[in-house]
Amino acid sequence: MSKSEKVTKSNTIKWEAEEYVQHNKNVGWYIGLVVIALALCALAVLVKWWTFLALVVLSAISLILYSVRPPRKIKYTLSNSGLKEGEKTYNFADFKAFGVLQDDAHFAIVLRPRKRFSPSVTIYFPANQGEEIVDFFGARFPMEDVKLDLLDKLVRLLRI
């Protein structure tokens, strides 16, 4: 029996992982955020862009709340019928390929959607189950190189 046949016949793979990689932020990060937000607020008041002022304030508050909130632990179940992420289920027919992404010591599967403007789905997994999970996806999809887009690179740079 080949490896792909073995993976195809297996019932389920279950694991638990954090929903995103949390980067440690020092006091300087928060001070920088507040300084930039205050500068943008001052600009908005000078040119009387009240909607932009509200957007800057809400964005700064949201970023601070998001950065102090710990990531949730999500339960994943991978089976022949699809991927279950918490209560959400993804059908394999909605995806055309996958790739593996490494973010420091964290590993993730990135599922590429068939629909043109649909977002990719990123799923973190523990390294000790990595081979089993990658083999499972490899039996169903072609593997592609995963490259971060501009927004992903900006998020990593800002440690959000």
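How do the residues of the lining of the largest pocket divide into nonpolar, polar and charged? There are 13 nonpolar, three polar and eight charged (nonpolar: Ala, Val, Leu, Ile, Met, Phe, Trp, Tyr, Cys and Pro; charged: Asp, Glu, Lys and Arg; polar: the others, Gly among them).

This is a predicted model, where local features need pLDDT of at least 70 and side-chain atom pairs 80 or more, while totals for chains, interfaces and linings use all residues. Residues are numbered from 1 along each chain, and side-chain values use heavy atoms, without hydrogens and water.

**Stop one.** Select L101, T122, Y124, L148 and D152. Of the 24 lining residues, these lie nearest the centre of the largest pocket (an open set of 1 Å grid points with protein on both sides within 12 Å along at least five of seven lines; lining residues have an atom within 4 Å of a point). Its volume is about 680 Å³. Now show strands 5 (95-103), 6 (106-113) and 7 (121-125), plus helix 5 (150-158): each supplies at least two lining residues (DSSP runs: helices H or I, at least four residues; strands E, at least two).

**Stop two.** Go to G32, L33, I36, L63 and L158, nearest the centre of the second largest pocket. The volume here is about 320 Å³. Helix 2 (27-46) and helix 3 (50-68) each give at least two lining residues; helix 2 has the largest share, six. The lining has 11 nonpolar, two polar and no charged residues.

**Stop three.** Stay with helix 2 and pick L43. L43 counts as partly exposed because its relative accessibility is 40% (between 20% and 50%, 1.4 Å probe, protein chains only).

Terms used. On a 1 Å grid over the protein atoms alone, a cavity is a set of points where a 1.4 Å probe fits but cannot get out, and a pocket is an open set with protein on both sides within 12 Å along at least five of seven lines; lining residues have an atom within 4 Å of a point. Grid points are joined across faces, edges and corners, and a volume is the space filled by probe spheres set on the points.
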